[in-house]
Amino acid sequence: MSRSFVKLMSLMLMTSIIITIITAFLFTPATYAETASPFDRPIGWASEAGGTTGGGNATPVIATSASELQNLVKGDTPRVIYVKGNIGGDYRVGSNKTIIGLPGAATGSWTFSGSSNVILRNLIIRGNGADGDSVSVTNGSHHIWFDHLDLCDSTDENLSIKRGSDYITVSWCKYWFSRDGGHTFGGLIGHSDDNAAQDEGKLRVTYHHNWYSKGVTERMPRVRFGKVHIFNNLFDSPGNNYAIRCGYKANIRSEGNVFVNTKNCFDFGTSSPDSVLQSINDLFIGNCTGTTGRGIAFTPPYKYTVESTSGLKQRIEAGAGATLTISDINTPTSSPTKSPTPTPTTSPTPTASPTPMIPKFGDLDNDGGVNSMDLTLLKRYLLRKVSLTSDQLRAADLNLDNEINSIDLSILKRYILRSIKTLPYGETITYQAEDAALYLAVTETKNAGYTGSSYVNYDNVSGGYIEWTINTAGAGTKILTFTYANGTTSNRTVDISINGNVVAYNVVFEGTGSWTQWQTKSIIVSLNSGTNKIRLTATSSDGGPNIDKMDVTGGY
């Protein structure tokens with residue numbers, strides 16, 4: 001064997017390895033995140049045929065009343081709308097809207113009739129709108145993403161999709177009923193066997209990471225006509241009659257789902273000879289019946305990842321429903337008004353700043369992954385062939401030096417080739433909480449899992465604080481990451497100030513399950529060169545969470 005042939009084979013092998021690495025990044029699907037941003041995008045059918053972008057980069061507004069929200073969701077003007085409070089009301093939605101509930105936001109029913117390109121997330125929905133449904137999707141609506149909704153107590157179905165609607169994704173939603181009896185249904189896809197003219201070739205829907213919980217007896221979902229992909233969902237509804245009904249001309253792919261004590265997991269009572277329901281790696285726990293599928297289902301055209309069913313039940317129980325926190329630097333702090341009238345004041349009240357959002361570093365095209373497409377986009381920006389939005393520029397500053405240059409390009413390239421494990425890439429310095437100045441707070445060691453010599457426990461009053469004094473080599477953007485524990489079921493909140501100025505008001509530290517379970521919360525801030533004082537002041541009546549440490553990341 002000649003040396004030239006050996007060199008050629010080695011070169012071909014190295015090229016194959018590099019292509020494999022880049023391809024793995026290129027086809028990384030979007031993943032679940034605990035915070036909601038208007039720039040998040042769905043996976044599944046709602047990502048196909050142009051995708052679902054909602055209100056896009058429209059300036060966000062907050063609705064604090066039903067009348068305000070009803071006016072904002074009408075028409076086709078692109079809007080990003082945050083919903084605040086338990087405002088009730090029933091809503092008919094136009095097109096090109098992103099609607100996100102701030103924590104605790106609750107409304108009545110929602111109707112989508114001829115709507116398109118809409119995102120609805122993080123709301124508690126209690127309503128009986130069209131046909132008694134909490135959420136009704138009808139009359140050719142398409143490209144809609146329902147995510148992290150708490151759906152309860154409709155008089156018929158919690159979420160129905162019918163009459164030629166198409167390209168829908170339903171993810172991380174919790175279906176349940178507080179009552180027994182009556183119509184306690186999850187939802188149907190297609191309302192009649194006789195509606196083939198409108199429904200055939202439509203009704204393409206993806207369900208993933210949803211939880212059919214207490215009181216849901218049937219239709220999880222019931223399917224006619226559509227190509228429906230149901231993966232990584234949890235069916236745990238005591239007293240159920242059936243879960244997934246494969247109806248007339250249905251084509252269903254059931255994949256990696258968890259069924260707990262479920263009667264007729266797969267029901268064919270109303271199917272036609274050409275109906276298909278394929279079960280792939282589903283998990284059946286306890287007394288389950290009707291666990292056998294029929295036929296070979298369609299292959300989804302989109303990229304997705306099916307999780308292992310090990311531990312999936314617990315993850316869905318923790319994450320499904322209106323469980324997202326909101327961390328978006330563009331979120332406004334006051335509700336819009338139709339005709340604002342300036343009112344002079346002698347002592348203006350400072351407006352609370354939103355918690356600065358941590359971008360997904362390296363994801364310049366906002367597709368949920370970091371891959372060669374992002375590298376190409378950054379190259380073209382540096383060659384002045386394209387411009388980037390402010391959000392893209394923040395995601396491109398991979399060493400947090402407030403500049404976008406060839407260093408960032410080099411970091412991104414190294415990350416894609418896996419020689420760097422995390423982004424942003426820079427020095428991280430750890431500051432223990434026990435070394436900070438304390439007020440209405442004490443050091444403790446009784447709860448395991450902390451680092452250093454101890455952790456800090458706030459007194460059960462508001463106003464206590466932890467304050468670090470740190471020195472930085474140069475001014476610039478930094479990420480502050482706090483390791484904390486909150487063993488209660490109530491959120492604990494703090495104001496975060498830099499050098500005496502509050503930069504984030506009422507930052508929520510959610511429950512962690514126990515005082516020995518430690519999680520992290522991060523924000524992005526600007527620090528001065530030299531000395532900086534960073535203070536966390538409890539604003540909850542029961543004090544702040546237990547704090548173990550603060551990590552400061554930034555620089556190259």
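**Figure 1. Arg535 over the ring of Tyr465.** The charged end of Arg535 lies over the Tyr465 ring, 3.6 Å from the ring centre. A charge is taken to sit over a ring if NZ of Lys or CZ of Arg is within 6 Å of the ring centre and within 35 degrees of the ring normal. Lys174 is placed over the ring of Trp176, with its charged end 5.5 Å from the centre.

This is a predicted model, in which local features need pLDDT of at least 70 and side-chain atom pairs count only at pLDDT 80 or more, while totals for chains, interfaces and linings use all residues. Residues are numbered from 1 along each chain as its sequence is written, and side-chain values use heavy atoms, with hydrogens and water left out.

**Figure 2. Asn532 in strand β39.** Asn532 belongs to β39, which spans residues 530-538; helices (H or I, at least four residues) and strands (E, at least two) are DSSP runs numbered from the N terminus. The relative accessibility of Asn532 is 0%, so Asn532 is classed as buried (buried is under 20% relative accessible area, exposed over 50%, partly exposed in between; 1.4 Å probe, protein chains only). The side chains of Asn532 and Asn499 are joined by a polar contact of 3.1 Å. A polar contact is a pair of N or O atoms within 3.5 Å; within protein, one must be able to donate a hydrogen and the other to accept it, and residues adjacent in sequence count only if both atoms are side-chain atoms. Leaving aside residues up to four places away in sequence, Asn532 touches Trp468, Thr469, Ile470, Thr472, Ile498, Asn499 and Leu527, where contact means heavy atoms within 4.5 Å.

Figure 3. Helix α7 covers residues 406-416, and its buried residues are Asp408, Leu409, Ile411, Leu412, Tyr415 and Ile416. Viewed down the axis of α7, these residues fall within an arc of 160 degrees and therefore line one face of the helix; the arc is that of the directions from the helix axis to the C-beta atoms. Arg418, which follows α7, has a positive phi near 70 degrees.

**Figure 4. Buried side of helix α4.** Leu312, Ile316 and Gly319 are buried in α4, which runs over residues 312-319. Around the axis they cover an arc of only 80 degrees, so they lie on the same side of α4. The buried residues of α4 pack against β19 (211-212), β22 (234-235) and β25 (258-260).

**Figure 5. Gly94 in the loop between β5 and β6.** Gly94 is found in the loop that links β5 (91-93) to β6 (97-101). With a relative accessible area of 12%, Gly94 is buried. Beyond residues up to four places away in sequence, Gly94 touches Val73, Lys74, Gly75, Asp76, Ser115, Ser116 and Val118. Pro78 is 16 residues from Gly94 along the chain, and their C-alpha atoms are 9.6 Å apart.

**Figure 6. An aromatic cluster.** One aromatic cluster is formed by Trp45, Tyr167, Phe231, Phe298, Tyr302 and Tyr304. The whole structure holds 19 aromatic pairs. Rings of Phe, Tyr and Trp (its six-membered ring) pair if their centres lie within 6.5 Å; planes under 30 degrees apart count as stacked, over 60 as edge-to-face and the rest as tilted.
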